[in-house]
Amino acid sequence: MAGSKSAFRQIVSVVIFITAFQATSARVNSDCPTAFWNFGDSLTDTGSVINTFPVCPQCDPERSPYGDSFFGRPAKRFSNGRLVPDFFALAFQRPLLQPYLQPAAFDYRFGTNFASGGTTASNDSSTNPFFLAFQISQFARLKRTVDLEKSQVLMCAQVRHFLPSDDSFSKGLYTFEIGGNDIINALLIRNLTAAQIITQVIPEAMTNIAKGIQTLYNNGARQFLFFNLPNAGCSTILVTFLGSILPTDALGCVTAVNLLDQAYNAALNATIASARTQYPRAIFTIFNYYAANEEILLNPTKYGFNPTLTKTACCGAPGVGTLNYNPLVTCGNPGATKCSNPEEYVNWDGVHFTEAFYRVISKFALNGQFTDTGLNYTAMCNLNFNLFGPQVTFNSVYGNTCKVTFT
Ligand SMILES: *[C@@H]1O[C@H](CO)[C@@H](O)[C@H](O)[C@H]1NC(C)=O
Ligand SMILES: *[C@@H]1O[C@H](CO)[C@@H](O)[C@H](O)[C@H]1NC(C)=O
Ligand SMILES: *[C@@H]1O[C@H](CO)[C@@H](O)[C@H](O)[C@H]1NC(C)=O
Ligand SMILES: *[C@@H]1O[C@H](CO)[C@@H](O)[C@H](O)[C@H]1NC(C)=O
């Protein structure tokens, strides 16, 4: 009785939902995403860079205390715990999004993650050759291979089970989080000027994003979510090294770097505006990471952060500047220590954000806050954030599933 009552309620609410949705937004694909395809850098890398370059100087995330929160051990992620794609998976009650390159295991049922630490949107291989154009090619190859494999009558059921379902390409959400390294590499490694970044690097990044959209669209993609650049001028590493030699703004952030991030974000707005004209049947949303990051820095207490520690690295060592970032003793190495309450920190290791920060960002993005379409996945897909809390552990959510492939 109780069962049929709740089934009835479910049907009623689905009908109400569909009616309401169609009434308000005819152009939007009314189906919730059934899969996630992510392109990006270390902010969303769930294992690729470490799986690809098993011996690398950037492999601190293989060492404790990376992954301490939620996972309880290093999880090939550049944070103390979950990243935005992890929170998305929890909100949609899916397995965590697996990295595309995953030794000895694959699971493409709900999409996959091409993001790789150090990559760029322009064709810049100075920190990682798996830049955006490369990640898009990986996607196209995966799609071709899956189509081919599915046409094989004699394919093992065990293998077929882990391939993307038929509609995961057409009903997937394609997320992009890339571009921060274009600017950082240009400034710190390639020694380019701000003018060169604006006239060469950013346009090349935009060309690749436009081409990427075209390739994905031609392969069935219809729903896109772009994360623009957060204000890297406020990051621990840049404030430590540039904050005393370059002008800073009211928040204590390096103005010149933030202006370049804004230039990138303005170009992204234009690129997406033209994609909207070119592909009227697709939906494109930009999440304004920059504005969201600024909001957190302006009102840290509102989101649970310690207002005196918004630029201090939780994990690191003293010796240079005042923000607990020392490039010779980075998090994960002997001499570096972890703060006692990572929940109060925005910055994890001097370069990357904490799980607490990503939790707030994920809620904003799913709720349609700081987005230019207002598309509210929480309402549209009836999501909840019950598994977002700091007390929730990997084992409590996924401990009984057979595939535990994050390390
Ligand atoms: C960086 O570029 C400037 C010119 O923009 C040049 O004066 C300087 O020598 C270059 N530095 C290095 C380390 O190449
Ligand atoms: C970047 O490289 C890809 C091939 O890897 C190429 O198709 C693309 O045109 C290049 N982008 C630019 C802006 O040169
Ligand atoms: C991009 O567009 C959004 C709204 O459409 C706007 O709020 C934001 O300021 C723009 N960003 C830049 C850097 O111009
Ligand atoms: C999005 O929807 C959720 C659930 O209905 C609601 O709680 C939230 O306030 C909405 N967000 C915005 C920005 O309206």
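Over how many bridges do strands β1 and β2 pair, and in which sense, parallel or antiparallel? Strand β1 (residues 35–40) pairs with β2 in the parallel sense over three bridges. Pairing requires that DSSP find at least two bridges between two strands. Helices (H or I, at least four residues) and strands (E, at least two) are DSSP runs, numbered from the N terminus. The model is predicted: local features need pLDDT of at least 70, side-chain atom pairs count only at pLDDT 80 or more, and totals for chains, interfaces and linings use all residues. Residues are numbered from 1 along each chain as its sequence is written, chains are lettered from A and ligands numbered from 1 in written order, and side-chain values use heavy atoms, with hydrogens and water left out.

The open sheet holds five strands in the order β2-β1-β3-β4-β5, with parallel pairing. The edges are β2 (111–113) and β5 (283–287). Each has a single partner strand, so one side of each lacks a neighbour in the sheet. From one strand to the next, the twist averages 20 degrees. Asn38 has Asn113 in β2 as its bridge partner. Helix α7 (residues 194–218) packs on the sheet and touches β1, β3 (172–177), β4 (223–227) and β5. Contact here means heavy atoms within 4.5 Å. The direction of α7 makes about 155 degrees with that of β4. Axes are lines fitted to C-alpha atoms, for helices over the stretch in contact, and angles run from 0 to 180 degrees between N-to-C directions.

A cis peptide bond joins Ser64 and Pro65, with omega about 5 degrees. Phe70 is not a glycine, yet its phi is positive, at about 65 degrees.

Ligand 3 is surrounded by Gln262, Asn265, Ala266, Asn269 and Asp372 (a heavy atom within 4 Å). A polar side-chain atom of Asn269 lies 2.3 Å from an oxygen atom of ligand 3. Taken alone, ligand 3 exposes 360 Å², of which the protein buries 45% (Shrake-Rupley method, 1.4 Å probe).

Around ligand 4 stand Asn367, Gln369, Asn376 and Ala379. A polar backbone atom of Asn367 is 3.3 Å from a nitrogen atom of ligand 4. A polar side-chain atom of Asn376 lies 2.4 Å from an oxygen atom of ligand 4. Ligand 4 exposes 360 Å² when taken alone, and the protein buries 41% of that.

Terms used. Polar contact = N/O pair within 3.5 Å; in protein donor to acceptor, adjacent residues only side chain to side chain.
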